[in-house]
Amino acid sequence: MTKSDPFGFDMSIRSAKKKNPRGRRAATGASETSQRVCDKDGCNEPGKFRAPKAPDVLDDFYWFCQEHVREYNNKWNFFEGTTEAEMNAQQSKDKVWERQTKPMGDPEARAWARLGIEDPHQVLGQNATRNPGRSAPAGRRLPPTERRALEVLEAKDDWSKADIRKAYKKLIKVLHPDMNGGDRSQEEQLQEVVWAWDQIKDSRSFK
């Protein structure tokens, strides 16, 4: 039962088709609403039948009358201009609906290949950016100043105070102007070495 719209609008599908007849086609494929003239030179019949202009331009059309669209279709060759190899390749794709079977293989390797890396282990080998992670815990707990002093003196935290003093003297011979021929270019480093030994010599952390 059809109810009338209180606002006076006809919402039926039939009404919509009457108002917007675009795209209606007859059983023959003719566009009933086409106002075009046949694209065949010298023909003035209505162009109600469309035909693609080229195999690689399938969304641009000529419009012909029924006689001339049949003539055009009889001469149409989708493979015109293609080589035999291209034609065979297209036929192979058509056999599987253009959905070729993907080669079996490591999916991770294929993912790396898309990034231009043939061997995924290239990023895991010598070329890798290595994450050092957390440094191993020191052999003993030391104040930050003494830990820094060991770094300056190039010493280890399991050395005795006598061993660290030997490392200190070795650096002094290299850095002190009175022992290296008057070279004062490393005085800042010398001051840092002296400071480092001051932290260690009075420390109770080393025997």
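Which side chains meet in a salt bridge at 3.3 Å, N to O, one of them being Asp198? The legends below begin with this pair. The model is predicted, so local features require pLDDT of at least 70 and side-chain atom pairs pLDDT 80 or more, while totals for chains, interfaces and linings use all residues. Residues are numbered from 1 along each chain as its sequence is written, and side-chain values use heavy atoms, with hydrogens and water left out.

View 1. The side chain of Asp198 meets that of Lys201 in a salt bridge (3.3 Å, N to O); the term denotes a side-chain nitrogen of Lys or Arg within 4 Å of a carboxyl oxygen of Asp or Glu. The two residues stand 3 apart in helix α7 and are therefore separated by about one helical turn. Helices are DSSP runs (H or I, at least four residues), numbered from the N terminus. Asp198 is partly exposed, at 32% relative accessible area, and Lys201 is also partly exposed, at 37% (buried is under 20%, exposed over 50%, partly exposed in between; 1.4 Å probe, protein chains only).

**View 2. Arg148 and its two salt-bridge partners.** Arg148 forms a salt bridge with Glu192, the closest N and O atoms being 2.7 Å apart. Because Arg148 lies in helix α5 and Glu192 in helix α7, the pair ties together parts that are 44 residues apart in sequence. Arg148 also meets Glu151 in a salt bridge (3.3 Å, N to O), and these residues, 3 apart in helix α5, are separated by about one helical turn. Glu151 is exposed at 52%, whereas Arg148 is partly exposed at 38% and Glu192 is partly exposed at 31%.

**View 3. The packing of helices α6 and α7.** The axes of α6 (residues 161-175) and α7 (residues 187-201) come within 10 Å and cross at roughly 165°; axes are lines fitted to C-alpha atoms over the stretch in contact, with angles from 0 to 180 degrees between N-to-C directions. The helices are therefore roughly antiparallel (angles over 145 degrees). Residues in contact (heavy atoms within 4.5 Å) include Tyr168 and Leu171 in α6 and Val193 and Trp197 in α7. By class, this contact has 10 nonpolar, 1 polar and 3 charged residues (Ala, Val, Leu, Ile, Met, Phe, Trp, Tyr, Cys and Pro count as nonpolar, Asp, Glu, Lys and Arg as charged, and the others, Gly among them, as polar).

**View 4. The loop residue Glu154.** Glu154 is found in the loop between α5 (144-153) and α6, and is exposed at 59% relative accessible area.

Methods:
Angles under 35 degrees count as roughly parallel, over 145 as roughly antiparallel, 65 to 115 as roughly perpendicular and the rest as oblique.
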